[in-house]
Amino acid sequence: METFFKEAVVPHFNFWIYVIIMMIGLWSVIAKNNLIKKLIGLSIFQTAILLLYVSLGVKEGATIPIIDHHAAELSLAGDAAAINPDAIANPVPHVLMLTAIVVGVATLGVALALCQVIYKDFGTLEEDEVLQKIKALHDDV
Amino acid sequence: MKAKIFASIAVAITGAVLLYAVTDFPNFGDPRSPANAGVEGGSPSASLYYIENTYRDTKVPNLVTAILADYRGYDTLFETVVIFTAGMAIFAILRVLRNENAPSAPSPDPEASNRTIDGDHHRIIVGITCRIAVPLVQIFALYVVAHGHHSPGGGFQGGVMLGASFILIALSGSLRDALARFSEASYIRLASIGILIYAGVAFLPLVFGRNFVDYGALKGLLGTDGEEMARSHGIFGVELGVAFTVMSIMFAIFANLSTRGRLKGGL
Amino acid sequence: MSDHLPVLVLLAPLFGAITLGLFGMKDHRVCLPVVLSALVVSLCCAIGIVLKVHSGGTLDYFVAGWKEPFGIGILLRADAINSPILVVIATVALLAAVFTVRHAGERDSEKTPHFYILFLLLCVGLFGITITGDAFNVFVLIEVTALTSYGLIAIGSSKRCKVAAFHYLVMGTVGASFYLIGVGYLYLKLGSLNMQDIHTILASNETLADSRAIRTAFVFILVGIWTKMAFFPLHGWLPNAYSYSPSGSAAILAPLVTKVSVYVMVRMMVSVFGLDRLEANVEWGHFVVWLAVIAIVAGSTMALAQREIKKMLCCLIIAEVGYMVGGAWLGDPQRWGLTGTVYHILADALMTSCLFLAAGAFAKWHGAIKLEDLSGIFCKMPLASAGFVVGGLAIIGVPPTCGFYSKFYLIRGAIEAGQWVYVAALLASSLVNAVLFFRIFEIAYFGKNPVESHGHGDDHGHGHDSEPVVRREPPLQALVPVLVAAALVILLGLFNGPVVEFIRTGLIETAAVVSTGR
């Protein structure tokens with residue numbers, strides 16, 4: 001048990017946490033009856049993925065992906081050692097996750113708008129009640 | 001209950017598959033991991049290339065900004081389009097237009113919608129504070145947009161702050177105050193202008209026979225020394241476009257959601 | 001400008017959408033000309049791409065000009081697999097745009113410009129997904145497509161479409177997130193997002209390609225895309241979303257969105273994970289083909305149970321998705337199954353477009369929602385009904401239409417691969433389709449006309465003689481797209497030889513080029 005912990009969990013701690021957060025999110029998306037709670041689950045789910053991406057770009061002891069001006073000018077002058085790639089975090093996951101965050105915000109906005117309309121039409125946000133009321137509907141399509 | 005059992009099974013399977021893969025991962029924080037340093041047999045690692053050459057290529061020290069708006073600028077164009085789409089979709093879903101003024105759900109307090117910052121002495125402290133704060137927020141937001149080349153920031157972050165400044169007006173006074181300064185017609189127009197700026201700056205190189213998003217082609221147009229500076233300016237132009245779109249759509253989302261699409265009354 | 005065709009094809013609708021945002025709000029008359037011209041430009045670009053690919057092979061476009069080192073920029077790649085799909089997307093979108101003339105957003109005409117902006121952005125997303133060569137870019141464009149779809153579905157006035165859109169949103173977001181997890185795992189193990197780069201690494205490194213993380217990545221990408229394409233156990237969102245959305249939205253969503261997801265799956269198989277790798281793991285292929293068989297059977301069974309026209313068509317889409325997934329995973333050495341799948345993407349997009357356009361016309365100008373409402377429609381709208389019949393025959397798989405040929409190639413692949421269950425499912429589903437459509441034809445042709453039948457009892461067909469039938473075709477803007485779609489269904493069938501040859505040589509070439517590395 002201890003060796004498993006040392007070999008499988010500790011070096012990949014962030015990834016274990018991400019999986020657990022993701023499971024919490026996914027569970028509430030599927031199991032919760034309230035539409036807003038579903039959306040909260042969806043947001044948790046998406047946030048877990050952000051954690052995955054950001055974790056995989058981490059370098060031990062590295063700083064933010066912004067190059068020091070002095071070092072940058074030195075490297076332009078031909079000093080190849082001026083920028084140490086191991087000391088700068090991987091910028092690509094940050095870029096990708098900026099996109100994913102924006103997508104998440106956009107989706108959440110649209111989802112909330114839909115919730116408002118559903119509440120206006122059916123007077124409830126509980127999924128089973130909404131489905132019941134839909135069955136009773138005879139409006140034209 | 002059935003849903004919960006089903007959810008538990010589905011989640012358990014998903015989690016098990018993901019954890020099954022986790023042990024195969026490179027160690028957390030390893031600078032030699034494939035994501036950080038590439039693998040043998042593939043192209044040289046893009047990540048290392050960015051770290052070593054971005055400043056040479058674009059004169060932008062902030063790698064995230066440079067990759068976002070130049071190397072992967074095509075992605076970011078569609079990211080902006082996603083924001084714009086969200087605004088349009090919320091409008092399409094929620095907006096109640098004048099021809100169906102619903103008598104069913106009148107605003108609980110008709111007076112509330114007509115209050116302005118000046119008219120309501122209960123809110124005077126909040127109102128005055130926000131009046132002072134809003135310009136400061138906006139100036140800082142513009143700084144964030146413009147300084148994205150050198151520090152964390154850029155169009156999305158600055159745009160959200162600009163949007164927040166208008167939301168602050170709406171929260172401290174009433175939505176009417178905010179809409180008087182930033183009406184519906186103008187925020188839709190500004191959101192389109194934002195994308196137009198982005199797509200336009202990205203499109204211009206085509207006129208010079210270069211590829212889409214290749215800002216280096218704008219060297220002559222901008223009168224810069226080299227292609228690097230042209231890229232740097234191109235990135236700035238693009239960020240500005242992003243900021244416009246994000247600002248407008250953030251405010252639009254707030255205005256529509258807080259009034260259930262009526263743009264009257266509100267919080 | 002002809003070098004820039006791969007990017008122009010999606011820039012045209014993007015600039016169209018911007019124009020509408022700037023000028024369409026005030027004056028709604030701007031909308032339609034802008035939409036139509038943008039889509040015509042796209043169509044021309046797509047045809048240009050096909051011609052270029054035909055004469056010069058794969059077309060690469062390096063966005064922002066970052067060629068060296070490979071993989072730092074985003075690559076757009078047009079080859080024999082995706083270029084015909086671009087043409088079909090442009091065609092179907094154009095037909096749907098013509099169809100929406102003057103009844104966009106149904107009752108709420110104030111939202112016309114928003115409808116058209118979403119419509120054009122949907123086209124941008126579909127073109128982008130089809131042409132890109134970057135795994136992460138696919139995710140961004142999937143989200144563009146998804147958000148526009150939610151808007152287009154919920155823009156209708158019915159109460160049900162809002163709930164349908166919400167369910168679609170939840171499932172669609174989960175699906176896209178699964179795809180994102182898969183891409184993340186690929187990036188984590190391979191350090192690249194470029195499809196070709198990923199493939200080169202996987203092809204050269206056996207142990208890496210068989211590692212647990214890569215397998216998991218593949219599974220998650222597949223499940224994510226299956227959710228997006230409504231593959232059977234993950235289909236829950238589709239029937240309501242497409243049948244309760246306004247006709248104009250359904251006419252573009254139903255034919256295209258699922259098909260483009262199928263294309264993404266084919267692309268992932270051919271040029272990311274590699275057909276060699278899949279053939280080395282035969283049991284995966286068998287498993288997916290079994291899933292596909294279940295999907296086909298379930299889709300057909302559900303279709304039999306439906307009483308509403310559009311719902312029935314939606315269930316047929318689920319069965320068709322089963323055809324395509326199964327065909328792609330047959331794994332026959334001559335690639336007939338995969339060719340049949342790509343050809344079926346084209347064919348099914350046109351057939352579904354034809355059927356949904358016709359169904360939209362029936363619903364709009366005849367008030368026909370349920371199957372029974374169609375009675376007498378052949379006499380009232382003979383031309384529109386003819387279009388519907390052609391679409392129906394194509395779904396059944398009657399020879400001159402493209403539906404026959406796509407099934408022919410799929411079955412050929414299945415026989416060569418020895419997948420007899422799949423053959424049986426395909427044939428059984430065709431029989432079910434025949435039952436379904438001939439039931440509709442019977443109602444539509446012999447059924448009593450609701451107007452004149454009141455009190456007439458059972459005298460089928462009598463109405464034709466006794467009372468003059470009022471022939472009232474839908475207006476031209478609805479009739480023309482239906483007929484054009486029907487004509488294209490037949491034309492694609494008649495010219496199946498060259499199309500299939502083009503796809504198949506390109507497919508074999510792409511698979512071969514990619515597996516040996518650059």
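Mentor: With 518 residues, chain C would, as a compact globule, have a radius of gyration near 24 Å, and its value of 22 Å agrees with that (the radius is taken over C-alpha atoms, and the globule rule is 2.2 Å times the number of residues to the power 0.38). This is a predicted model, in which local features need pLDDT of at least 70 and side-chain atom pairs count only at pLDDT 80 or more, while totals for chains, interfaces and linings use all residues. Residues are numbered from 1 along each chain as its sequence is written, and chains are lettered from A and ligands numbered from 1 in the order in which they are written.

Along the principal axes, the C-alpha atoms of chain C fill a box of roughly 75 × 55 × 40 Å, and chain C holds 22 helices and two strands (DSSP runs, H or I of at least four residues for helices and E of at least two for strands, numbered from the N terminus). Of the 518 residues in chain C, 67% are buried, meaning that 20 or more other C-beta atoms, placed from the backbone, lie within 10 Å of a residue's own. Among the contacts in chain C with a separation of 6 or more, 79% join residues 24 or more positions apart, a contact being two residues whose C-beta atoms, placed from the backbone, lie within 7 Å.

Turning to chain B, 22 of the 22 residues of helix α5 are buried, so α5(B) is largely enclosed by the rest of the structure.

Conventions:
Buried ≥ 20, exposed ≤ 12 C-beta atoms within 10 Å, placed from the backbone.
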